[in-house]
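Subject: A structure for you to look at

Hello,

I am handing over a structure that may be new to you. Please open it alongside this email and read the two together.

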Amino acid sequence: MTAADAATGFGLAELSLVLLAGSLVIVVSVAAVRLASRAGLPTLLLYLAIGLAVGKEGLGIPFDSDQVAQVLGYCALVLILVEGGLTTKWSSIRSSVAPALALSTVGVLVSVAVVAVALHEILHTDWRISLLIGAILASTDAAAVFSVLRVVPLPRRLSGMLEAESGFNDAPVVLLVTALSLQIAQPAEAEPWWRIGLLAVAELASGALVGLAVGWLGGKLMSRLATGTSGLFSLGVVAIGVLAYASAASVHASGFIACYLAALVLGNMHLPHRQAVTGFAQALGWLAQIGLFVMLGMLATPSGFIDEVPRAVLVGLVLLLLARPLSVIVSLTPFRVPWREQAFISWAGLRGAVPVVLATVPITNSVPGVEWVFDLVFMLVVIFTLVQGPLMPWVARVLRVTEPARASGVIVEAMPLEELGAELLEVAVPSGSRLAGVEVYELRLPQGANISLVVRGDTTFVPDAQTRLWTHDRLLVVTPGSEREAVEARLRSVSRHGRLAGWRSDV
């Protein structure tokens, strides 16, 4: 052992143990995805459970640094937001950006106010702490929401609204929680609220500008440097997203909104190696989620959970039944969003890792008497994820907001498709869809689009023009990239109206 090893207490033996534990956690976490998808639960619950199992009250691995947890949590959130931006199609959220921005700003303020009033009036919590808890709980979590929504076929407008909201609302909530924490910890040096509001607006606006600029310039640079090495190219694209965060944070702008918008720009610039970039970004996103949730589980102290359950249930009910619905109504009614969709968005506002990470901010800023807030937020996230997650498909069906037939992109590492400008779509024929009984030629897909394969039960075959589609068939459709939206619109139209459907876009 060298002198440096002796000083740090970390050598090759310790490295082997860390790699052994880390690789086992990842393997178990990957296996847990299958279990979670079958049970209809967000994977975050299983990852948190793994963290609790290996933590200080489980296998005894010590981890109790809120500062380290906050830093690593922010790193993970950056990668998750970059992955979200790279894999989001602008066409799928374009019509949802304005309502999503309203949810991420006006909706956040409404939610904070309602939760704060409830805490103060019912539990007699100090006003400042009540506002702080309301802010911590105001952000929805993309990873939590979409781990459940993958199995719920939603219309593009509705899924785009949820996707855009979860990408946008982290930035204002982080600023709000940080400002409130500093106000409580250092009241003598606190800025007036009007000035804090102006600074927040300025940070969000400048962060957005930095993100858009870095994304566009980085995309142009990468397109010129593109080589045949898709792995190296993918690494460069993700690095640009991280660069956007660092650049914005360095000039005191919002790094979270910057990295999301930079990745959104990059993901929609039709760069080469698109499938490789998407696959790499998703792998990093999964790794960040696993590491984040396991770490938060290790940070928690299960023996303190019981005392916080009553408060967690009360605050969660206020959030689920009052604060979230009211914030949705105030934010989305001006956009004439139907009440059924508003009701579903209210239910789909799952909380996940972001509130738990933000619960460490008051502690690292030396806010007195808030140690219990972490356990409260942790228990609220677990309890209400168990309540909301499994019921989400049922709620979508009851509210009739599901899409009868929805096409989704398939990640295939096939350079000929990219070179030809083609895309591969997977289409399911669910129960109740009028695609069942239609012959392939009656679909009248746009020119150049064809059904290349039909999966029916345990058999697969290449259809001809007279092949009749059955319920529960799965179709692989090859389409020119320029015709993808038209193909999706035609399939939705036939699914709703049958073989005589007109050429109209029911988006």
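Below is what was found in it, beginning with the whole chain and then going into detail.

This is a predicted model, in which local features need pLDDT of at least 70 and side-chain atom pairs count only at pLDDT 80 or more, while totals for chains, interfaces and linings use all residues. Residues are numbered from 1 along each chain as its sequence is written, and side-chain values use heavy atoms, with hydrogens and water left out.

The protein has 21 helices and five strands (DSSP runs, numbered from the N terminus: H or I of at least four residues for helices, E of at least two for strands). Of its 507 residues, 50% count as buried (under 20% relative accessible area with a 1.4 Å probe, protein chains only; exposed is over 50%, and partly exposed is in between). Taking contacts with a separation of 6 or more, 80% are between residues 24 or more positions apart (contact means heavy atoms within 4.5 Å).

Beyond its neighbours within four places in sequence, Phe378 touches Leu48, Leu52, Leu296, Gly297, Ala300, Phe305 and Val356, all by contact.

Helix 4 (residues 66-86) and helix 13 (residues 255-267) pack at an angle of about 30°, their axes 7 Å apart (axes are lines fitted to C-alpha atoms, for helices over the stretch in contact, and angles run from 0 to 180 degrees between N-to-C directions). That makes helix 4 roughly parallel to helix 13 (angles under 35 degrees count as roughly parallel, over 145 as roughly antiparallel, 65 to 115 as roughly perpendicular and the rest as oblique). Among the residues that meet are Tyr74 and Leu77 in helix 4, and Phe256 and Cys259 in helix 13.

Finally, Val242 lies in helix 12 (residues 230-250) and is partly exposed, with a relative accessible area of 33%. Apart from neighbours within four places in sequence, Val242 is in contact with Val78, Leu79 and Val82.

Best wishes
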